[in-house]
Amino acid sequence: MQDYIIQTKSLNFQYSKSRKVLEDVSLNIPKGSIYGFLGPNGAGKSTTMRLLTGIIPEQHDAISIFGKPLKDQLPQVFDNIGSLVESPALYLHLSGYNNLKYIAKLRNIPESRIDEVLELVDLSRDAKRKAKQYSLGMKQRLAIAMALLNEPELLLLDEPVNGLDPNGIQDIRKLLVKLNREKGVTIFVSSHLLAEIEKMCTHVGIISKGKLRFEGTIEELGKKSGACKIQLTVKDATHWNEKLMENHPTAELQNATQITLELQDREAIPEFAKNLITQGAHLYEIKILDGLEEWFMTLVNQK
Ligand SMILES: Nc1ncnc2c1ncn2[C@@H]1O[C@H](COP(=O)(O)OP(=O)(O)OP(=O)(O)O)[C@@H](O)[C@H]1O
């Protein structure tokens, strides 16, 4: 049986009597996963995060963490959880190191742990600089370092890449994958960016208008999008288009180097590419033209 680190059973929540913000949200976050919680603005992601971290109390007992009801484990359960849910409170006039020292003191964590987390988030060289001199991405990594001080088994992050430039986003992505692979941390991370979630997560939950619309592995997500149109950039495209048309009636020559065609789903791409290369094609690029993004937009626009 699968070991779930977080489960919610029909989680409902409303801030006011007139409107449900979460409606029967049943999440299953497997131990060891990087679980992407995806949804557009206002979908209910932050509310879910606040409920999971006890910032707002749940209204029915629907949340289990580490296999036990959350309400029975408050507040000691947070010794084993790191979270970045509200904007991080950094002391901008203090160095990165001293920000961590302050949190370590408050939480009774040995100071020796500070160097370890600085190393993990790649801030060792900048540890003595004041936080106000940090870029947004560095501030975000410092905030994640704070959440890692207690060596948590579970990390909850609400939109950690919001507002970051592509480099900053990539740094956070690499960090999360490293934490997951090397330290075995289960990560529950929310985002409104499908492409980001796709790149780093093993599992995905999609929420919109307070309802969970999809939950599954990243492979299952790929299959959901149905037929997948791709564009190949290949040397001598005319020749390869003729060859491809034998088995792929949708193959269409676009210009001297590009062909488009449809595969049954994204999971078919690796095998397709392997075959083409084995047959001697000089393949420069395979680009997915549509499929997942369209499916996602249709899904989140449902009532
Ligand atoms: N403190 C609050 N009081 C009343 N309504 C709230 C409160 N916080 C959020 N809401 C409402 O609950 C709904 C879900 O908001 P939530 O912040 O959970 O969504 P989200 O998916 O995190 O979106 P975003 O990325 O925009 O923060 C929205 O309609 C929002 O207006």
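Mentor: Gladly; keep in mind that this is a predicted model. The shell around the ligand is made up of three nonpolar, seven polar and one charged residue, and the residues that surround the ligand are Tyr15, Val21, Gly39, Asn41, Gly42, Ala43, Gly44, Lys45, Ser46, Thr47 and His192.

Trainee: Why are H2 and H4 called roughly parallel?

Mentor: The axes of helix H2 (residues 96-106) and helix H4 (residues 136-148) come within 10 Å and cross at roughly 30°. Angles under 35 degrees count as roughly parallel, and H2 is therefore roughly parallel to H4. Gly96, Asn99, Leu100 and Ile103 of H2 make the contact with Leu142, Ala145 and Met146 of H4, and by class these are five nonpolar, two polar and no charged residues.

Trainee: How do you know which term describes the way H4 and H5 run relative to each other?

Mentor: Here H4 packs with helix H5 (residues 166-183) at an angle of about 20°, and their axes are 9 Å apart. Since the limit is again under 35 degrees, H4 and H5 are roughly parallel to each other. The crossing of H4 and H5 is right-handed, and the residues of their contact comprise four nonpolar, four polar and two charged.

Trainee: Is Asp24 buried, partly exposed or exposed, and how do you know?

Mentor: Asp24, which lies in strand S3 (residues 22-25), has 14 C-beta neighbours inside 10 Å. A buried residue needs 20 or more and an exposed one has 12 or fewer, so Asp24 falls in between and counts as partly exposed. Its phi is near 50°, a positive value in a residue other than glycine.

Trainee: What makes Asp236 count as buried or exposed?

Mentor: Asp236 has 11 C-beta neighbours inside 10 Å, and because 12 or fewer is the limit for exposed, Asp236 counts as exposed. Asp236 sits in the loop between strand S13 (228-234) and helix H8 (237-245), and its phi is positive, about 60°, although Asp236 is not a glycine.

Trainee: Why is helix H9 described as hardly covered?

Mentor: Helix H9 (residues 269-278) has ten residues, and the count of buried ones among them is zero; a buried residue would need 20 or more other C-beta atoms within 10 Å of its own.

Terms used. Residues numbered from 1 in each chain as written. Predicted model: local features only at pLDDT ≥ 70, side-chain atom pairs only at ≥ 80, totals over all residues. Near = placed C-beta within 6 Å. Nonpolar A, V, L, I, M, F, W, Y, C, P; charged D, E, K, R; others polar. Axes fitted to C-alpha atoms, helices over the stretch in contact; angles between N-to-C directions. Helix = DSSP H or I, 4+ residues; strand = E, 2+ residues; numbered from the N terminus. Parallel < 35°, antiparallel > 145°, perpendicular 65-115°, else oblique. Contact = placed C-beta atoms within 7 Å. Left-handed = near helix turned anticlockwise from the far one by under 90°.
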